[in-house]
Amino acid sequence: MESNAKKMRSSNIELLRIITMLLIVMHHYVVNSGIAGQFDYNAITPNMLFLQFFGMWGKIGINVFILISGYFMCKSRLTVRRYMKVYAEYKFYVILFFIIFAAAGLTALTLKGVFAAVFSTAYNAGKGFSASFMIFYLFIPFYNYLINAMNEKAHRYLLIILFIVFPVFTTVFFNVNIYNEIIWYAAIYFFAAYIRLYPNKYFDKNKYCVPALIVLVLGAFAGIVVIDLLCKRLGATGAYYYYFTDTPAKLLAFLIGIFMFLVFKNIRIKNSKLINIIASTTFGVLLIHAGGDAMRDLIWVKLLHVSEMYTAPLYRLILHAFISCICVFAVCSLIDLARIYALEKPIFKYFDKRKKDQA
């Protein structure tokens, strides 16, 4: 999730990283706490609607993170150092949390558990963002080779096919079986590369992108309400509002992610060291707060008691939701900053020095 051409990464994109990760934390507030299990389509309440709106952003956020990676990496080179920096962060938290929770008795210390922690990439690929991202990232040189071999027309035809096969099939024809995390991340990568390589007035001006984003978000909100009412009328059960966001390939999750990225790409803000530092911890925030069932249970159930807020007054639920998510983000960000300055920087500085001395 980094580029060696850091000067290209202005703080507008780094701010987008922060906002996107906060949106993912908000999504986890709803889906990992058990509170969504209390949704009753025969008794649609303001609290229920708020939680549905509040929690709809997780898959959108995944699309945005891949778009950011694709936008920068399509004109960059994946080095061993870059890959190992991301991979080491991922493995550090997987193994650390397994040891901590096993020692505390919150995770069973089994052979299967040890195997899953040591070989987490192979074990969890296709079943979660982090492991799938590590596999996807390995293919970047080959994606770039294909991108460089195509002209704009061929690239555009590829995007049309990907759009039909994923957002259209999964949304219009309800075929979620076609979705695969790693393949979808590759698809998003090609969309990001097209935006970077073939700019046009619609991609580069917020007078087009902002209204489109507003319409899409309002459409998602309206869709949630309509589906809730249909469920009530038909006596259906289940979280049907995830029709829009249960996989990143759903049409609205895809389009909202695209236009969120475009809006922030087009914003020009002064370079901010603080924003850039906080943004450097966003992958760590994800790895920490979503670090397994035990971590999710600890944060959302045992510490924050989210499910108890379902019947609280709406203003209390709103305050609890926003304050909880901001605090989770802040604490995880501080933890990752400690890792960066205590471990990552010294270790990579040592290896860089050794490589330089041997050259």
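Is His305 buried, partly exposed or exposed? I began with this residue in the predicted model. I found His305 to be partly exposed, with a relative accessible area of 37%. I then looked up where the residue sits: His305 lies in the loop between helix 16 (293-303) and helix 17 (314-358).

**Entry: Phe174**

I next turned to Phe174, a residue other than glycine whose phi is positive, near 60 degrees. I located Phe174 in the loop between helix 9 and helix 10. The relative accessible area of Phe174 is 60%. I therefore recorded Phe174 as exposed, the cut-off being over 50%.

**Entry: helix 8**

Which residues of helix 8 (residues 140-149) are buried? I noted Ile140, Tyr143, Asn144 and Ile147. I then checked how these residues are placed around the axis: they cover an arc of only 95 degrees, and therefore lie on the same side of helix 8. I kept a general point beside this entry: an α-helix has 3.6 residues a turn, so residues three or four places apart point the same way. On the other side of helix 8, I found Phe142, Tyr145 and Ala149 exposed.

I also looked up what the buried residues of helix 8 pack against. The partners are helix 3 (58-73), helix 7 (129-138), helix 9 (152-172) and helix 10 (181-197).

**Entry: helix 4 and helix 5**

At what angle do helix 4 (residues 80-103) and helix 5 (residues 111-118) pack? I recorded an angle of about 160 degrees, with the two axes 9 Å apart. An angle over 145 degrees counts as roughly antiparallel, and helix 4 and helix 5 are therefore roughly antiparallel to each other.

I then listed the residues that make the contact. Helix 4 contributes Lys91, Val94, Ile95 and Phe98, while helix 5 contributes Gly113, Val114, Ala117 and Val118. Sorting the residues of this contact by kind, I noted six nonpolar, one polar and one charged.

**Entry: Val210**

Last, I looked up Val210, which lies in helix 12 (residues 206-234). I recorded Val210 as partly exposed, at 31% relative accessibility. I also compared its position with that of Ser11: Val210 and Ser11 are 199 residues apart in sequence, and their C-alpha atoms are 19 Å apart in space.

Key: Residues numbered from 1 in each chain as written. Predicted model: local features only at pLDDT ≥ 70, side-chain atom pairs only at ≥ 80, totals over all residues. Heavy atoms only, no water. Axes fitted to C-alpha atoms, helices over the stretch in contact; angles between N-to-C directions. Helix = DSSP H or I, 4+ residues; strand = E, 2+ residues; numbered from the N terminus. Parallel < 35°, antiparallel > 145°, perpendicular 65-115°, else oblique. Contact = heavy atoms within 4.5 Å. Nonpolar A, V, L, I, M, F, W, Y, C, P; charged D, E, K, R; others polar. Buried < 20%, exposed > 50% of the residue type's maximum accessible area, 1.4 Å probe, protein only. Arc of directions from axis to C-beta.
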